[in-house]
Amino acid sequence: MVPPSNRIGYPAGSAGATIQALSDDATPGAGIRQSEQWDFPLPMAYETLLYEVDDGGVATIKLNQPETRNALSNEVLGELIDGFESARDDDAVRCVVLTSSHEKVFSSGANLSGFAGDVPLVHKHLGSERFVRLFRLIGELGKPTICAANGHVLAGSLGIALACDLIVAKEGAEFGTPEINVGAFPFMIMALIYRNVPRKKTNELLLLGDRITAAQAVEAGIANRVVPAEEFDAAVSEWATKLASKSPLIMRLGKDAMFRQQDMAYLDALDYLRAQLTVAISTEDIVEGVTAFFEKREPQWKGR
């Protein structure tokens, strides 16, 4: 029997991902109904996400709980961690796009019911650790990431968006940290906001809890660009395709350096970056890239 191709909703980062067989009544993200017996393990089925990798090496992770406006429950955060790990470990993936299936909301942020729930405090504390793991995972992914903000980016989801390298916002999307309005505060995402947004603007967002438009988000340094709805998918695809075409080795070296140097003292950062430049110069890909430039052809990356 020829194994069926990977289905949307299941990680593509392992060998087993391309040989999963589902019964006719199975739906993406609904779990494995029936599977053929293969020699390698089948991947986990996602309940809150859709996951796919296209032929160009772009992995798309799509939040898919419209009934909760993609509230960031422990389950959602856990599956986001798994999805990004799958993309990290899949050599075929060159770029990751994070987006939402909801028409108007990227994510409404943390699941507020968890704050007031009758759960031991230690469990709430341990649950917030998933934010830390996810932020670090995205930063250390070694592959470029785009947040395709096709709807409102609120509360904790603003931190996830800012953890990504680039943010493309659909016209009409709003950004904000409204936690203060319900007696909470955006502690977990504060560090990311202050590292991306000027201090006084960050103070305004955190203390007032007001939303800003996509255009204002670009002006504040939160988003890179805002695109009309009819051009949004094409704009995201254009950037993702361009990122996926770069040398994966040099991209990894560069991404690692971007993440590590951001909090170094200035002189320490210069020393570290000089060492990273020396490593990059020693690769075959940098020679190929320069050679291809002078020969006016597309480079053939070797990954070494």
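Me: Two strands pair if DSSP finds at least two bridges between them. In this predicted model, how many bridges join strand S3 to S5?
Reply: Strand S3 covers residues 95–100 and runs parallel to S5. One of the bridges links Val96 to Thr145 in S5. The number of bridges joining S3 to S5 is three.

Me: Which residue in S7 is the bridge partner of Ala148?
Reply: S5 is also joined to strand S7, residues 166–170, by four bridges, and the two run parallel. Within S7, the bridge partner of Ala148 is Val168.

Me: Within what arc do the buried residues of helix H11 fall?
Reply: H11 spans residues 284–294, and its buried residues are Asp285, Glu288 and Ala292. They line one face of the helix, because seen down the axis of H11 they fall within an arc of 60 degrees.

Me: Which exposed residues does H11 carry on the face turned away from its buried side?
Reply: On the buried side, the cover includes helix H9, residues 248–261. The face turned away from that buried side carries the exposed residues Phe293 and Phe294.

Me: Which residue follows H11 with a positive phi?
Reply: At the start of H11, a side-chain oxygen of Thr283 comes within 3.3 Å of the backbone nitrogen of Ile286. After the helix there is a residue with a positive phi, near 55 degrees: Lys296.

Me: How many contacts beyond near neighbours in sequence does the model have for residues 1–44?
Reply: The protein averages a pLDDT of 84, and 80% of the residues score at least 70. Over residues 1–44, however, the pLDDT is below 50. Where pLDDT is low, the predicted coordinates should not be read in detail.

Me: What share of the residues in the protein is buried?
Reply: The secondary structure comprises eleven helices and ten strands. The protein exposes about 16200 Å², of which carbon and sulfur atoms supply 53%. Taking buried as under 20% relative accessible area, the share of the 304 residues that is buried is 42%.

Note on methods: Residues are numbered from 1 along each chain as its sequence is written. Side-chain values use heavy atoms; hydrogens and water are left out. Buried means under 20% relative accessible area, exposed over 50%, partly exposed in between (1.4 Å probe, protein chains only). Accessible areas come from the Shrake-Rupley method with a 1.4 Å probe; for residues, only the protein chains shown count as cover. The arc is that of the directions from the helix axis to the C-beta atoms. Contact means heavy atoms within 4.5 Å. A polar contact is a pair of N or O atoms within 3.5 Å; within protein, one must be able to donate a hydrogen and the other to accept it, and residues adjacent in sequence count only if both atoms are side-chain atoms. pLDDT is the predictor's confidence in each residue, from 0 to 100.
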